[in-house]
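Look at the structure below. Then follow the text from one residue to the next.

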Amino acid sequence: MSDIKAVIEQLYVPAKSASENAYSPYSSARVGASVIDEDGKIHTGCNVENASYGLTQCAERNALAAAISAGMKPGTAGALLIFATGFDVLAPCGACRQVMSELLAKDAIVISCHSETEYNSWSIGELLPNSFVLS
Ligand code: THU
């Protein structure tokens, strides 16, 4: 539990700030995500929608793409935090679960916050048991 509180202290404000940049004229949902890498650097993303709805990019995948683009090594980040308005506590979508299971550390925690005190948290295994991998 204290681990979770420490992660919220580091990642809540960056995710909330990123959510303010959401481009979501179709759903009005504002989602932000933040991920912390091995060096303690924080990377963020927000949801970016499109008139061709299926091209919408989720905040979690955008944060991970930003982290990888900045040089984060896959499989090293220990935590990702989601902040969303327009949902009670957002449960990450299936596509984001697949990407998180490949790019976060195997023992990473994912926390989804409605506020600093209302949140859910999961391990990667809880979010996506028996995930698809190439062998
Ligand atoms: N969304 C996310 O950013 N992350 C998720 O895990 C689920 C959904 C966004 C996509 C879209 O802009 C809006 O929330 C409604 O689906």
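Predicted model: local features only at pLDDT ≥ 70, side-chain atom pairs only at ≥ 80, totals over all residues.

Start with S112. Apart from its neighbours within four places in sequence, S112 is in contact (heavy atoms within 4.5 Å) with I82, V89, L90, E118, Y119, N120 and W122. S112 belongs to strand β4, residues 104–113. Residues are numbered from 1 along each chain as its sequence is written, and side-chain values use heavy atoms, with hydrogens and water left out.

Is S112 buried or exposed? S112 counts as buried, at 1% relative accessibility. The cut-offs are these: buried is under 20% relative accessible area, exposed is over 50%, and partly exposed is in between, with a 1.4 Å probe and protein chains only. A polar atom of the S112 side chain lies 2.6 Å from the backbone oxygen of L90. That is a polar contact, a pair of N or O atoms within 3.5 Å; within protein, one must be able to donate a hydrogen and the other to accept it, and residues adjacent in sequence count only if both atoms are side-chain atoms.

Another serine, S69, sits in helix α2. S69 is exposed, with a relative accessible area of 68%. A polar atom of its side chain lies 2.6 Å from the backbone oxygen of A65. S69 and H43 are 26 residues apart along the chain, and their C-alpha atoms are separated by 9.9 Å.

Stay with α2. Its buried residues include A59, E60, N62, A63, L64 and A67. Among the elements that cover the buried residues of α2 are β1, β2, β3, α3 (94–103) and β4. After α2 comes G71, with a positive phi near 105 degrees.

Next, the ligand. Which residues come nearest to the ligand? Of the 13 residues around it, these are N47, E49, A59, E60 and C93. The shell divides into eight nonpolar, three polar and two charged residues. Ala, Val, Leu, Ile, Met, Phe, Trp, Tyr, Cys and Pro count as nonpolar, Asp, Glu, Lys and Arg as charged, and the others, Gly among them, as polar. N47 places a polar side-chain atom 2.9 Å from an oxygen atom of the ligand. A59 has a backbone N or O atom 3.0 Å from an oxygen atom of the ligand. For C93, a backbone N or O atom also lies 3.0 Å from a ligand oxygen atom. Alone, the ligand exposes 370 Å², and the protein buries 81% of that. Such areas come from the Shrake-Rupley method with a 1.4 Å probe; for residues, only the protein chains shown count as cover.

Now the aromatic rings. A pair of aromatic rings is described by the distance of the centres and the angle of the planes. Rings of Phe, Tyr and Trp (its six-membered ring) pair if their centres lie within 6.5 Å; planes under 30 degrees apart count as stacked, over 60 as edge-to-face and the rest as tilted. By this rule there are two aromatic pairs. Y12 and F83 form an edge-to-face pair, 5.5 Å centre to centre, with 90 degrees between the planes. Y12 lies in helix α1 (residues 2–19) and F83 in strand β3 (residues 77–85), so the pair ties together parts that are 71 residues apart in sequence. Y12 is buried, with a relative accessible area of 6%. F83 is buried too, at 5%.

The rings of Y26 and Y53 have centres 5.6 Å apart and planes at 55 degrees, so this pair is tilted. Y26 lies in the loop between α1 and β1 (30–36), and Y53 in the loop between β2 (42–46) and α2 (59–69), so the pair ties together parts that are 27 residues apart in sequence. Y26 counts as partly exposed, at 42% relative accessibility. Y53 is exposed, with a relative accessible area of 60%.

Last, the backbone. Most residues other than glycine have a negative phi. S28 has a positive phi, near 65 degrees. S28 is in the loop between α1 and β1, and is exposed, with a relative accessible area of 56%. N130 also has a positive phi, near 55 degrees. N130 is in the segment after α4 (124–127), and counts as exposed at 79% relative accessibility.

Terms used:
Helix = DSSP H or I, 4+ residues; strand = E, 2+ residues; numbered from the N terminus. Near = heavy atom within 4 Å.
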